[in-house]
Amino acid sequence: MSRSAISLALVLGLTMPSYAGGMALPFRGVRDAARGGALVAGADDAEAIWLNPAGIAHVTGTTVFVTTMYVNQQVDYARIDSGGNQLASISNDHPGQPIPSLGVVVPIGNGRLVLGGGTWTPYAGLHRYAIDGAQRYGSISIAETKILYLTAAAALRVTDRLRIGVTVQDMVTALDSRVVLSGCPGQTICAPEDPEFDADARLKQTDTFAPSASFGIQFDATPRLTFGAMVQLPAKIGGATGTLQTRLPSSGFYEGAMVVGDRASLEMTLPGSVHLGVEARPSDRLRIEMALHVELWSQHDSISFTPESSIANVAGVGTYELGAQVIPRNYRNSVSPAVGGEYTLGDVTVGAGYAYETAAAPPAYVSALTVDSSKHLFGLGGTYRGKSWLVGGSLGIAKLRDLDVSLEQAKVPQLTPVRGQPEEVMINAGSYESTYLLAGLRFAKQF
Amino acid sequence: MESMRLQLFMLAATVAGCAPPFDPTRVPADPGTFGQRVVTLMCKRLAYQADRSDVSGSTYRDACKGGPMPDDAPGTLLAIAANRDRLVTAIDHVVPADVYDPLQAYLTSEAILSLYDDDTMSNSIASLGSMLIEMGSNTDAMAAFARMGIREHYRAAPYAIGPAGPLTGSAKIRAVMDNVLPSIIEGGASKAEWDALVAAISFTLSNAGPQNDGTGSTAARIASTFLLTEHPDLGETSPVMMVRRDPRGIAKVALVGGVVPAPFVDVDADLLADVDAGGSFVDANGAPVAAPDPFPASATYEYFDLTKTLFGSMANDQMSLLDPARSTAVDLLRGAAALLGPRVAAVRTGLGSSKIAYQGYDTSASPLLDLAYAFVQLLRDPNIGDTLDLTDTLMEQHRPVAARLLEAAIDVARLGDDHTEAEILANAPLWDDLRPQLQKVLDNPKLTQDLMTALERPEVRQLLARFRDQMKYKDRFDIAPDGALTGTFATVVDRTQPDSGFNRSLWQRLLHLISDSNGAVECSKAGAQIKEAGTGIVLATYANECDLFRVENMAVFYLQSTVYAKDGSGMLLCETTAGAFGNTMPGATPEACVAMNRRPRRKANFNYNWGAIVSALITTQGGDAYLETRSTIPGFRTHPTSEALNRALFQTPRPQSLSDTSDPPKDKFGALLGTKHVGTLPVWEKDGFYDSVRPILQAFADSNQEQIFVDMMSIMHKHWSTAESTDTQHTNPAGPNYTMGSRGVTYEPYVQAVFEGDLWPALTEHAAELNAISVNGKPFHMVARNAGRFLVSPLAGLTDREGNPASTTADGKPVAQMSPWDLLADAYHAKRTRIAASAEARLWNESMHELVDLMFRADLVGSTWTFRSKHMAAASRSTTKLLRDRLAEHTTTGDRATWIAQDLPEKISDVLTHPLFAGALDFVESQTRAGAPRDAFDALLYSVFDRVNAMAEYDTMRVGAADLIQLAVNDRELVPLARMVGGLLDATKTYLPVQLGLLHRMHGADTESTLTNIVARLFKAADPTNEPGIPAISVIADGVGDVDRYHPGPPADWSMIDYVTVFRQVGWFMHDEKTSMPRFVTIIKGRSL
C-alpha cells in the first residue's frame, strides 16, 4: 500500500464544515444575543429577517442596517492518543473573528407588505491549531472558512395581529480546512500516529448555490402578548468542486509519490430548525420572551466527500485512487430554551437573556474539529435610538460543559486515504473545555 | 497603550487573516538510500509491535534511523539495530539507485497488480506462510539447521556465494524462466512429467535414510573419497582450496603427530575432534573450544586443492559435456533411459508403508542393466587385482603408451562410425564362433606370450598394410609357367556388385582358400613314381595312395611352410641345402642360420616315405637340393617353403616330377585347388608378406596350435561372404561349400581404414615395452592372458541377470554355460537391437562417443603421446582403487561373491530404475520435445560452467558442488532436511505449484529483466570488501532472522528453537491479516475504486 492512501484521507477531514453541528451558536444577531437568543416572537426590526421573517412586517420605513459580531471560541483540549497516552493540552490559537451582516427592509405600498434582503453568517467559532499538535488528526485550521446566507425576505401584515414572513436563501460557502491525515499503511511499517506518515491537507471549496428558506409567523394574542414561530429549512451543500492541496508524508515510504489532481467535492446537509417564542410586554418599557430553539441536527448524520484525484507512483502500487468516503456524524437534534428581555428607558434600551442548548454532537463524535457540548449562554446589550437611526451592542458568553471522551468512547476515526486498514484509529479521546465570547455592534437607519 | 495597539494589530492581522501558509512540498524525513528507508520502516514496524502504546513511534524513531538504540530496547529492536548497516548495504546492493524506477515500474505494472486483484498474490503468500510454519514445526530439521548454521566460512570467500550465484546471475537464466516455467505449470507441455518428477523427489527425500552398503562404507563416502582425493598429477595454476569436512560435515581438524591436537580432544579415538550435540568443538570438559573459522585458512584444519581432485579436474569437462551444440550429458541420460527397458507401470516401496506408483522400466528387458551387470561380473575374475594393478602400471609408468593405444583404439571405433556399411547379420554367430578359438589361444600361455612377443618384431609392423591391400584389391595373382609371380594390386573390389568370383577381395578369396584347405588331405597318388633325373628310369613306385607322403591338413601344412621348425629348446633348425637329408645346427635366428651358411628349416614336412634306397640315392644327389632341382620349383623340398607350395599348387604346366607323385591337389570338398582358387594364393609373395606374418604364425606353430589359426580363418570365411555371393552356398550349413552370408565382407572398407590407422603401429612399436611390464611378479602377457581367458571362458556359476547360466548364440544355438564374453555379447546385442529401434537410444552411442572423446582421447605432443584430459590417469587410478577397495571390503566381510552377483547389480538397478531417475529422464525428454525449454536449460548450464569466459562463476559452481559431495556423507543433517523437503513436496500439498504459478506470472511481467536482475544480485556478495562471499540474501536472512529468533539479537549462534521461531514468525508474517503481508495485499488490492 501506499502513501497514496493518504490523499484520500485528506479529503475527508477537509470536508468537515466549521459551522456544522453545535459549533453555530443559537444567536442570530446582535440584538438576539443581547436577549440571550430569546427573540422569535418579539423580533420586530430589520434584523428579524433571520430571526423570524414575519417580524419585518413591523418595519414602517425603509431601513438599512449593518451588524458585526466578534465571535471567539476558546478551546482547550487534552488529548488521549490512540495508544492511551495522555497528551499535553493544546488550545485554539484562533483569536476569533468579526462576523458581519447587513440588510435592507422596504415597506411596500401601504406597508402591509414589507420586503427585505441581506446577508448573514452564523455565529460559529473558528479555530487554528498547531500543525503538529495532538489534535492534528481532527483539525488544524478552519480559520479561513466563510459562510454567508444571501437572503431575500417578504412579510405580510395579514391583520393587525397576524404577521407572516418568508425568506428565500442562498447559502454561499467557502470552505477552507486543514487537517492531518495518516498515511500509515495498515500499521504494517509504522505506528498509527507516526508524524512521519502525516499528510497535511487543505481543502478549499466554494459553493455558491445552496438554496433554503424560512417561514415565520407572529401573532399578537393580546396587545401585551405575542407568539412567534419560525421554521428554517435545511440547506444542502454539494454540487460544487473544490481544490485539494496535499503535502505527502515525509516518510521514506512516500519517496517519489505525488498527488495527481486537485479537485474534490463535498456534500453535506445543514439541518433545518424550528424556533418558537412567546413575548410578553407587561409594560411599554419591558419585554420578556421565552423561546425554544430546536435544531434538527439529526439530519446531519454524515459527510460525504468525493475527491477527483489520486496519488501516483506509490511504491509498489502505482496509482492509488482516492475514493468517496462517508464520515459518520450521527448528530442529535439540539434543543435550546431561552429567556430574555429588554427594558427601554427613553432612547435607550437594555437587554439581557439566558439560554441553554443541548449538544448536537454526541460526545463520541466530538473532536477538535467540532467541539460541542451542552452549553449555557448569557447575553446582554443595549440600544440607543436616534430620530431615524439606532446603534446598539451586545456581549455574550457561552460556556460549554467540560467533556471527557474516553478512548473507548471515541468514535471519530483518524482520517486516512488507505483503504483496508486493520482497524480504525480513534483520534478524539480526551478532555475538552470550551467557551465562546461574543461582542457585537449594530447600526440601523430608517429612511 | 503600545501593547494594546500591537494586540489590535495582531487581531486585525489574524482576522484578516489567515491560516498558516500551506506549502505542499514534501519534506523527506528519510533522505537516505532505499536500503536505509527500508530498514527504517522495518524498525518502525518492530517498534510498534514491541510497544503498542507508542502510537507516534517517538520512542525509537531516531534509533530506527540509525541513532543509538537504548540498551533497554526490546530484543527485536536491538537485533535490527545491530544488523542495520549490514541490511542497508545488502538492500542497497540488491536495489541500487538506478533500479528504483525500473523496479517501481515493474511492481506497478498491470501484470503484477493483477496478481493482487485475482488473489494469486494472497494465495501464494498464504501458501508460503503455511509452508514456513510447517518447516518450523519440524524440530528435527530445525535442529539440523542449527548444527549446520554454526559452520561459518566453510568456503573461501571467492566461492562462498554458492551455485545459486552463478545460476541466477547467468544471462541465460531468463531464457530458462521464459521457456521452462510455462512448461511446468498448469497446461504446460511438461506438466505431467514435472508432477511425476516432483512426486519422485518427494518420495525419495521423504524416504531418505543413512546409506550403508553393508561394509560400513556409504555410497556418499565412497563417492567423496573417489572424487575429492588429491592427485599429485592434477592441479591448475591457481589452486582452489577447500576445507576437508569429516563425516559429520564438520571441518576436519588437522592431526598433529597422528592425533587430534589440543585444545581439541578425541575421547572416542576416532581421529575426529569431539563436538557437542550442537556440533561445536569441545574440550575435555565439554566446554566449547574457540575454534577459528576454516577460512581464512589456518593450520587448524585439513584442506585440499580442488583442482587436484578428480572432481575438480573433471568439472573442467562440464563445458564440453554441457555444450548445447552436443548436449552430451543430457543426451546420455536420454539414451540411458531408452536403454533401460520398455516403460511399465511400477511401484516403489519406501519407509514404512509409503509407496509411489510411477512409470518405471521393464528391467527384464533392459540392455543397460544387462551391460552394467555384465561389467560388474568381470569383478569375479580371481585375477582382477592383477588387472587393476596392470591398469595402474600402464597409466602411471607407461602413460604415453597407454595414451597412444587408447587413442588408436578410439580411432578405430570412430572409423566404425563412418563405415555404416559394415554390418554383420544380427543372427550371425561370428563372435560366438570365435570365442572358443580365442579361449584356446588364451588357454595356451606359451602361445599367448609368443603372440605378444611377435608383435615386437619390426617386420610385423608391415603386416596390416599387406592385409589392407588384400582387402582392397581383387586382382589375380598367378604363377607363370616359368615360376614367376604375376599380378599387381590395381583393381579395387566393386562393392556395388555381389562378392562373387573375382569381384571378391583377395582377402575374401584367401579366407575361402584357407577354409577349403582346412581339413583337406593331400597324399601321394597311388602308383606314385620316383624317376632318375637324367634317364627317367623309375627308381621307385609307391603303390598306394599316401604311401609316399600324406599331408593331413593342407591349410595347417601351408601355415607350417611359412614358419620355421624348432628344436626342443626353441632354437631354429639350421639346415644345409641337403635339407632333411643333412644335419642341422641350432640357430637363434634365421640370420644366425645364414651366418652358418645354412637356412632355417620350415616346419612343414612332407614326411616322405622314400624307402631306404631312394633316400640313399637322394642323399647322394644332394638331398633336398636334388628334390628342388627335380621339381624345378625352388624350395620344394621335404620342408617346403610357401612359395614352393604356391607353385606346386598353381604353376602350369605342372612340373612332371610332381605329377609323377601326386594328382593336382583338391580342397576338402574335392574341388581342384588350382582351378577353384586360382589367382589368389600367390599374392602372399608380394611385398614380403610371409616375413611379416611369420612371427605371428610362428607363435601358433611353436605351440603346435596352427589349427587354431586356420580354424579362426575358417570361421571368418564362414561369416565373410554375403548371401549374394555365388562362390558358396548359403542354405545348407551341413553341406559343402557353405557360408552363412553373414556379410563380414562389408567390414572390409572399414578394416582397410583401420589398417591405415595407428592401432597396429602402436601395438607393435610398443610391444616390447608392454611385454617388459611386470605386475605382482607376473609378466604382462600373463596378466593380459588371465584377463582375456577369464573373459572368454565359460565361468561356472555365472548367470545372466535372471539367474540363467545358459545362453544362446546369435543364431540361437544353446550355450550351456556362459562366459563373461557371452554375457557382454548378449548385452551388447540387446543394446544394438534397442538402438536400432529407438532414436532416443541412439543418443546413448552418440553421447558415449562424445564422452569418450572427452575423457580418453590423446594427442601426440612433440614426441610424446599425451591424454587430452588431464585427469585421465587420476580417473583411472581412482577407479582402480575404488574397485580394489570395494573388493577388499567385501572380501573381508565375506560377501564378495554375493555383492558382485546380486547386491551391486541390484543397487545399480535400483538407482537406474528409481522413480527419481525415471522422473528426471521423462522430464528431460518432455523438455526436449518441447524444444525451447531444453535449449534454454542447456545454455544456462553451459554458461555457468564456461571456464573460459566466466572462470569465477565456474569455480564457484564446482566448489559448491564439491562441498555438496562432502556434505553428502553428513547423514545426521541431511536426512532430516531431506525428509522435511520431501514432505513439503508431497502431492497433497500445493506449496510448489502455487509458488511456481506466481513465479511464472511475475516473470512474465518482467519484460525488462528487473526482477531477474534483482534476484541475481541477491545471490551476489553485498559487501565484497568486508564480507566477501556472503550473498545479500544471506545478510538479509540473517538480519530478519536475528529479529525473529526466539531470543532476538546477535551474536549468539542460532539454536534449534531459534530456527523454529524464525520459520514460524516469518510464516506468521505471511498469514497475519492485521498488520502483515496480507494487509499489504489488501491495501494494494483496494487501490482502485
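## Disulfides in chain B

Start with the pair B:C574 and B:C593: a disulfide joins these two cysteines, with 1.8 Å from sulfur to sulfur. This is a predicted model, so that distance, like every value here, is computed. The torsion about the S-S bond is -65 degrees, making the link of B:C574 and B:C593 left-handed. It ties together distant parts of the chain, since B:C574 sits in strand β11 (residues 572–575) of chain B and B:C593 in helix α24 (residues 590–595) of chain B, 19 residues apart. As for solvent, B:C574 has 0% relative accessibility and counts as buried, and B:C593 is buried with a relative accessible area of 0%.

Then there's B:C43 with B:C64, a disulfide whose sulfur atoms lie 2.0 Å apart. Its S-S torsion is about -70 degrees, so the B:C43 and B:C64 disulfide is left-handed. Here too the bond links distant parts of the chain: helix α2 (residues 34–50) of chain B holds B:C43, helix α3 (residues 61–64) of chain B holds B:C64, and the two cysteines are 21 residues apart. B:C43 comes out as buried at 2% relative accessibility, and B:C64 as buried at 1%. Number the bonded cysteines along chain B and the disulfides pair up as 1-2, 3-4, 5-6.

## The disulfide in chain A

Over all chains, the count comes to four disulfides. One of them is in chain A, where A:C184 and A:C190 bond with their sulfur atoms 2.0 Å apart. The torsion about this S-S bond is about 100 degrees, so the A:C184 and A:C190 disulfide is right-handed. Both ends are tucked away from solvent: A:C184 counts as buried at 3% relative accessibility, and A:C190 counts as buried at 0%.

## Where the chains meet

On to the interface. Chain A brings 60 residues to the contact and chain B brings 46. Together the two chains bury about 4300 Å², with 57% of that on carbon and sulfur atoms. On the chain A side, A:T188, A:E196 and A:R247 lose the most area to chain B, and together they make up 13% of what that side buries.

Polar links are there as well. The rule finds seven salt bridges across the interface of chain A and chain B, and 25 residue pairs in polar contact, with both residues at pLDDT 80 or more. Which elements give two or more residues to the side of chain A that touches chain B? They are β3 (97–108), β7 (198–207), β11 (242–247), β15 (302–314) and β16 (318–321) of chain A. β16(A) gives the most, with four residues. Sorted by class, this side of chain A has 24 nonpolar, 22 polar and 14 charged residues. For a particular salt bridge, look at A:E423 and B:K1074, whose side chains meet at 3.3 Å, N to O.

## A loop residue in chain A

Finally, a look at A:S406. It's found in the loop between β22 (403–405) and β23 (430–446) of chain A. Along the chain, A:S406 and A:V335 are 71 residues apart, and their C-alpha atoms are separated by 25 Å.

Technical notes
Residues numbered from 1 in each chain as written. Chains lettered and ligands numbered in written order. Predicted model: local features only at pLDDT ≥ 70, side-chain atom pairs only at ≥ 80, totals over all residues. Heavy atoms only, no water. Contact = heavy atoms within 4.5 Å. Buried area = accessible area lost by both parts, 1.4 Å probe. Salt bridge = Lys/Arg side-chain N within 4 Å of Asp/Glu carboxyl O. Polar contact = N/O pair within 3.5 Å; in protein donor to acceptor, adjacent residues only side chain to side chain. Nonpolar A, V, L, I, M, F, W, Y, C, P; charged D, E, K, R; others polar. Disulfide = S-S within 2.5 Å. Buried < 20%, exposed > 50% of the residue type's maximum accessible area, 1.4 Å probe, protein only.
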